[in-house]
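I opened the notebook for a look at the ligand and the space around it. Here is the structure I worked from.

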Amino acid sequence: MDGSKPIALIGFMGVGKTSLGKKLAKQLGWIFIDTDKLIEQKQGINIMQIFEKCGENHFRQLEHNLVLELKSVKNAVIATGGGLPCFHDNMIHLNSFAQTVYLKKEADQLTNHLKNKKSTRPLIAQLNEHQLHDYVEQKLKERTNFYELAQFCIDADRYALEKITFLIQSKTL
Ligand code: S3P
C-alpha cells in the first residue's frame, strides 16, 4: 500500500488550523505536521526569532523548502502557516501532492480570536486591537485569491470543530 494523500489545511492566522489538524489526525490515525513547529524545530529558534534575525523573506524560503520536502509524505494532516500559500507558488506544489482545504472565516471572527494570541506572531505582535482589525481585513483581501486555489473550502464560521472535521473527511476521503 502506498498510503493516502495528505490533507493540507490552509487559511488565515487564527482560523484554527492547528487545533482542527490535531483532532482530524487523531481521528484518522494519521500523523500531524505543523509547518511552523517543524520550521522552529529545524532552525532551533522560534518564529519570532527567525523573523527578527533573518527577516520575513528568509522565513518564506524556509516554508517553501519545507513544502518541497513534504511532497512524499502520506497519511498526514498538515497545518500550514497563514502566509505559506501566498509565496513561491506553494499552492501549486501543495495541490500536486495533497488534498487542500481552505478554512474560511470573516475578518471580525479572526480578529477576535487573534487579539489575545498576538505575541508569538511577528506580523501582528505590535498591533493594537484597532490596527489588528485593519490588518486582518486588508491581508485577508490580498490572500484570498491564493487561499481559493485550495481544492475544498469550508466556512469555518458556521460550524463547530466536530462538524468541520466530519466535513473535511466527507470531502477528502
Ligand atoms: C503567518 C502565520 C503564522 C506564521 C507566521 C506568519 C502569516 O502561522 O507562519 O507568524 O504570514 O500569516 P499561523 O497561521 O499558524 O498563525
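Which helix gives the largest share of the shell around the ligand? I looked it up, keeping in mind that this is a predicted model. Helix H4, residues 56-69, supplies that share with three residues.

**Entry: the shell.** I found 14 residues surrounding the ligand, and Lys 17, Asp 36, Arg 60, Arg 121 and Arg 143 are the closest.

Entry: I went through the ligand's oxygen atoms next. One lies 2.6 Å from a side-chain N or O atom of Lys 17. For Arg 121, I read 2.7 Å between a side-chain N or O atom and a ligand oxygen. Gly 82 takes part through its backbone, with an N or O atom 2.8 Å from an oxygen of the ligand. I then checked the cover: on its own the ligand has 390 Å² of accessible area, and the protein covers 95% of that.

Entry: Where does the ligand sit? I see that its space is the largest pocket. I noted a volume of about 720 Å³ for this pocket. Its lining counts 32 residues, with Met 13, Thr 18, Asp 36, Thr 120 and Arg 121 closest to the centre. Two or more lining residues come from each of H1 (17-28), strand E2 (31-34), H2 (35-43), H3 (47-54) and H4. Helix H1 gives the most, four residues. I close with the make-up of the lining: 11 charged, 11 polar and 10 nonpolar residues.

Conventions:
Residues numbered from 1 in each chain as written. Predicted model: local features only at pLDDT ≥ 70, side-chain atom pairs only at ≥ 80, totals over all residues. Heavy atoms only, no water. Near = heavy atom within 4 Å. Polar contact = N/O pair within 3.5 Å; in protein donor to acceptor, adjacent residues only side chain to side chain. Areas by Shrake-Rupley, 256 points an atom, 1.4 Å probe, with all protein chains shown as cover. 1 Å grid on protein atoms, 1.4 Å probe; cavity = no way out; pocket = protein on both sides within 12 Å on 5 of 7 lines; lining within 4 Å. Sits in = over half its atoms within 2 Å of the grid points. Points joined across faces, edges and corners; volume = space filled by probe spheres on them. Nonpolar A, V, L, I, M, F, W, Y, C, P; charged D, E, K, R; others polar.
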